[in-house]
Amino acid sequence: MKEKKVSGLRLYLKYISINVRSMMQYKKSFLMTAAGQFFASFNAFLGIWFLFMRFHTLAGYSFSEVLLCYSVVLMDFSLAECFGRGFDRFSSMIRTGSFDRVLTRPRNEILQVLGSSFELTRIGRMLQASVVLVYGVTHSGIDWTLLKVTTLTLMLAGGTAIFCGIFVMNAALCFFTLEGLEVVNILTDGAREYGQYPVDVYGRKIRFFCTYVIPYSLAQYYPLQFLTGRSDNALLAFLPLLALLFPLPCYWLWRFGVRKYQSSGS
Amino acid sequence: MNTLSLSFTSHTRYEVNAVKRIYNRWKKYFSFFRLRLVTGLQYRAAALAGIATQFVWGFMEIKLFYAFKTSDPDAFPMRFEQFASYIWLQQAFLALFMTWLMENEIFDSIMNGNISYELCRPVDIYNMWLARSFANRMSRALLRCVPILLVAFFLPAPYAMTLPPDILSFVCFLISMLLGLTVTIAICMLVYMLSFFTVSPQGLKIVFVMITELFQGEVIPLPFFPPRMQRVMELLPFASMENVPLRIYSGHISGNETVRVMTLQLVWIVILIAVGKLICRAAMKKTVVQGG
């Protein structure tokens, strides 16, 4: 007799519901961590605020335009951390050997790692990002046409995809190094901290890096040029679609790692 | 003549004994310090990753402020070399001043009850933790500071770290850095002591880290705050942490101002340690060991 196979999506939702339910056993701890997430990024916001009180403008960008950028990147990062946390903490799965258990199950291992964790506590940071986003959207003086709303949505999707890709890449590297490479924090935390500002303020070399090496600017700087009316080229609005491709090579690296993987746990 | 020399020797002997007594009293804390320092120096791989991260952080921070400076040069409150030195010193000596680098072992021992073992030892718990914090922070900083500073000195013009204006400000910088480290640790000690009175220190920690980061000039240096706000902030204990030594180094604080801010550092050290010890005594009286 053949059992009916549950669809991948159903399984994933089941994983999420298990994660959320187990987290809700410790409600107070959950609320504390979520509040902590809210406040931790609050300092970054205050920093921008005080700097603009002094300088008023940054390389031609106004306060609300930078806030738009800040909130989009913060939202991207929080979403990626919320859904992709399993990959972010993948090194512990390798070290403890629980990835071996994953491999013995007859389901896709990406799905299982993705489902191993769902960080709802990041909702604190998302809340802050949403508040700032609303401020940025209403105060930046942008005329919100349908195309521009689409651009903003694509920016969110593309940025999240890039951060997810980096998490997967870092997890894939764990197959070879057995522990997480702390240096990768530069690409995640660093991008969250310094991606608050449009990348062109850091100069041409950084912009080059953020376009061709890790393509952050596809979902940040270029569509922002279109959003703020610095460029009329509607093609820029759809560049974040390219960013959606970034997880692909990361996935290949992961596949390569899985094939090379020899157990390490005990 | 004879009696005089006799009394002289007995006097020196008394002096020697006093030094010895003090040494014996503090010996245990020195060995805590040495032990922790040696342990901390073992984590070289983590230090290497830390150095790379700190270097990128510093570089991006300087790039960002350079962009702000070009946007409105007159609004920049310090010379740019002074700012670059501030940032590189901040990154190199991160481990000395960051409050998120609190001793989790201490929180854990308070929560899980291991604190009872520590209380059995014939040592003063405040002094022991003080010695331990000094050692942990210094070992981390020792491993990380040299490569960062070396590279920072050889960077091209606006980004490079510069030498202090004169030898006096360098000496003042070293002393005030030690004072700043003491203030940082004394403030952290307050949090450890207060966590005796709560079941979970999580909330306390979050609020504390956020306040210290903002008020000690970690998010943006204090001179970048609005002037009126800055004047108040400079009087708070948080300004005596990294703000003072990093600005003395580059000469942004100089002359009589140096004497004033360093005296303030000393005053805060005395107050913070006194309050810390008082809370410690109160905590010891009513400690309920939670763990089993």
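This report walks through a few features of a predicted model with chains A and B.

## Where the two chains meet

Let's start with the contact between the chains. On one side, 28 residues of chain A take part, and they are in contact with 25 residues of chain B. Three helices of chain A each supply at least two residues to the side that touches chain B: helix 2 (27-40), helix 3 (42-55) and helix 10 (185-194). Helix 3 of chain A gives the most, with 9 residues.

What classes of residue make up the side of chain A that touches chain B? It has 18 nonpolar residues, 8 polar ones and 2 charged ones.

## A tyrosine that reaches chain B

Now pick out Y202(A), which you'll find in the loop between helix 10 and helix 11 (204-213) of chain A. Leaving aside residues up to four places away in sequence, Y202(A) touches M60(B), K63(B) and L64(B).

Is Y202(A) buried or exposed? Y202(A) has 21 C-beta neighbours inside 10 Å, and a residue counts as buried with 20 or more, so Y202(A) is buried.

## Two loop residues with positive phi

Next, head to the loop between helix 3 and helix 4 (63-88) of chain A, where H56(A) sits. A59(A) lies in the loop between helix 3 and helix 4 of chain A too. H56(A) isn't a glycine, yet its phi is positive, near 70°. For A59(A), also not a glycine, phi is positive and near 45°.

How about their surroundings? H56(A) has 13 other C-beta atoms within 10 Å, so it is partly exposed. A59(A) is partly exposed as well, because it has 14 other C-beta atoms within 10 Å.

## A helix pair in chain B

Over in chain B, helix 7 (residues 125-153) packs with helix 8 (residues 167-194) at an angle of about 130°, and their axes are 10 Å apart. That angle is why helix 7 and helix 8 of chain B are described as oblique to each other. The crossing of helix 7 past helix 8 in chain B is right-handed.

Which residues meet here? Helix 7 of chain B brings Y126(B), W129(B), L130(B), S133(B), F134(B) and R137(B), while helix 8 of chain B brings L181(B), I185(B), C188(B), M189(B) and Y192(B). Sorted by class, the residues of this contact between helix 7 and helix 8 of chain B are 9 nonpolar, 1 polar and 1 charged.

Methods: Residues numbered from 1 in each chain as written. Chains lettered and ligands numbered in written order. Predicted model: local features only at pLDDT ≥ 70, side-chain atom pairs only at ≥ 80, totals over all residues. Contact = placed C-beta atoms within 7 Å. Helix = DSSP H or I, 4+ residues; strand = E, 2+ residues; numbered from the N terminus. Nonpolar A, V, L, I, M, F, W, Y, C, P; charged D, E, K, R; others polar. Buried ≥ 20, exposed ≤ 12 C-beta atoms within 10 Å, placed from the backbone. Axes fitted to C-alpha atoms, helices over the stretch in contact; angles between N-to-C directions. Parallel < 35°, antiparallel > 145°, perpendicular 65-115°, else oblique. Left-handed = near helix turned anticlockwise from the far one by under 90°.
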